[in-house]
Amino acid sequence: MLPFIFEWQWNVDHIIFFGFLYLALGIVGLGITVAAIKTVFQLLGFMRERHFH
Amino acid sequence: MDSVLIPEGVKRCSPGKFFLWTLPWLGLLGWGLVSAFLCLYKGLNQTNMTNYFAFALWIVFDLAVIALGAGAFFTGFLTYIIGKKELKDIINSAVIIGFICYSGAVAMLGIDIGQPLRGWFIFWHANVHSMLTEVSFCITTYLGVLLIEYIPIILENRKIEEIRELRLFGNNLHEIMAVFAATGTFLSFFHQGSLGGLFGVMYARPFAARGGFYIWPWTFFLFILSAIAAGPSFTILCTKLVEKITRKKLVPDKAFQTLAKISGWLLALYMVLKIADTIGWAYGIVPKAGLTFMDFYKEGPYGVWLVIAEIGIFGIVPAIILLIPKARQTEGWLIAGCLMNCTGIVLNRFVFTVVTLAIPVMPFDKFVSYLPTWQEWGISMAVIGYGFLLYSLSYRYLPIFPKEKELNTA
């Protein structure tokens with residue numbers, strides 16, 4: 001449910017429930033985006049490669 | 001044949017032997033697929049679920065595997081947030097077990113809701129006062145987190161790693177794993193709790209109803225605590241099983257001991273609170289409902305033995321085993337302690353799901369028993385088959401255990 005659809009109500013219940021959901025999804029999405037951007041930068045030679053083994 | 005895919009420096013069985021190993025698990029998966037097809041094509045009349053038992057075997061299985069899969073988020077929390085470095089040797093195994101548990105549970109729920117094509121309704125037309133909605137949000141989002149934690153392990157495959165783009169992406173995901181681990185911890189905390197909370201708020205069913213703190217009944221906190229107590233034990237158990245089957249040492253003892261010790265302390269704390277909760281319930285909610293403690297344990301097979309088994313045999317005993325250093329350092333006792341701990345949590349989820357619904361609540365209600373159909377068993381067993389298959393494939397082709405080479409060079 002998004003804030004602009006008719007079922008949405010601007011009350012604490014909706015804001016807390018969906019706020020936390022979108023916060024979690026946002027963090028996960030942002031994490032993947034950061035990893036993808038870093039990969040592109042490393043492939044283009046703008047950043048150094050790091051090893052984890 | 002597939003040797004180019006097998007991690008460098010480790011030994012795996014021949015492809016033929018591996019294929020034979022997968023046959024029983026493929027069989028279970030096949031049984032589940034036939035059952036799923038029947039349930040989707042003909043409907044939920046293929047099950048023995050009724051108006052009395054809207055929650056049945058699948059939910060018991062779901063709750064059990066979700067609790068047992070808590071080893072993934074809790075081990076991740078201990079490794080990446082608390083900084084228990086020795087757990088890096090077992091974290092990959094924990095993640096894969098967690099992924100199997102959660103993806104299996106979500107797949108099973110897809111059949112349980114009857115109309116999986118409308119599964120998205122719970123997100124779009126959400127009831128923001130429902131614990132079950134919170135559970136759905138958190139479980140699906142956490143499954144995404146587990147997938148992200150699993151991807152870097154897949155990308156470490158010998159052949160995949162040769163592709164520079166994928167290797168870099170995997171490394172970059174790995175670098176920010178603490179962010180995903182923290183998000184997973186937050187999501188798991190709430191869905192494990194809400195799974196308990198949804199029973200605790202059943203005020204019309206005094207067997208499950210509980211008092212609590214603010215909007216959260218005590219079951220909310222007890223479910224979180226029991227999950228983080230049993231999850232690490234399940235991780236130990238599965239990894240030990242892999243060691244037994246492969247006849248190899250895969251994880252240093254220090255990692256097992258750390259997890260077992262934490263599991264033991266958490267189980268002990270859970271037992272104290274569970275006993276306090278049971279006493280509070282027996283002397284508070286039960287008399288207020290005009291009933292006595294024994295009124296709940298007089299019908300069908302669900303006698304007072306359930307309390308003795310859950311709290312005594314599969315609660316206090318494993319807590320003692322896991323708390324005594326000499327006992328948990330002995331492999332047999334360690335496995336017995338972990339197995340009993342996991343059995344206790346499965347029993348707890350069974351009691352809250354099935355026994356709660358079996359006990360009559362109205363004067364005109366009668367005790368109704370429930371036995372699952374072969375289709376219900378089929379779908380549940382398919383999760384086990386799928387789990388064995390995915391773990392076997394991961395073990396064969398991915399470097400799950402960083403110390404495997406070092407521990408087996410003799």
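Colleague: Among contacts in chain B between residues at least 6 apart in sequence, what percentage join residues at least 24 apart?
Modeller: That share is 79%. Bear in mind that this is a predicted model.

Colleague: And how many helices and strands does chain B have?
Modeller: There are 16 helices and 2 strands in chain B.

Colleague: What about overall dimensions, say the span of the C-alpha trace along its principal axes?
Modeller: For chain B, about 70 × 55 × 40 Å. The radius of gyration is 22 Å, which agrees with the value near 22 Å for a compact globule, because the chain has 410 residues.

Colleague: What percentage of those residues count as buried?
Modeller: In chain B, 47% of the 410 residues do.

Colleague: Switching to helix 14 of chain B, how far does it reach from its first C-alpha to its last?
Modeller: Helix 14 covers residues 331-358, 28 residues, and reaches 39 Å. That is close to the 40 Å expected at 1.5 Å a residue.

Colleague: Where does helix 14 of chain B bend?
Modeller: At Val351(B), by about 30°.

Colleague: Why does Pro116(B) count as partly exposed?
Modeller: Because Pro116(B) has 14 C-beta neighbours inside 10 Å, whereas buried takes 20 or more and exposed means 12 or fewer.

Colleague: How many residues separate Pro116(B) and Leu40(B) in sequence, and what is the distance in space?
Modeller: They are 76 residues apart in sequence, and their C-alpha atoms are 8.6 Å apart.

How values were computed: Residues are numbered from 1 along each chain as its sequence is written. Chains are lettered from A and ligands numbered from 1 in the order in which they are written. This is a predicted model: local features need pLDDT of at least 70, side-chain atom pairs count only at pLDDT 80 or more; totals for chains, interfaces and linings use all residues. Helices (H or I, at least four residues) and strands (E, at least two) are DSSP runs, numbered from the N terminus. The expected span of a helix is 1.5 Å times one less than its number of residues. The bend at a residue is the angle between axes fitted to the seven residues ending there and the seven starting there. The radius of gyration is taken over C-alpha atoms; the globule rule is 2.2 Å times the number of residues to the power 0.38. Two residues are in contact if their C-beta atoms, placed from the backbone, lie within 7 Å.
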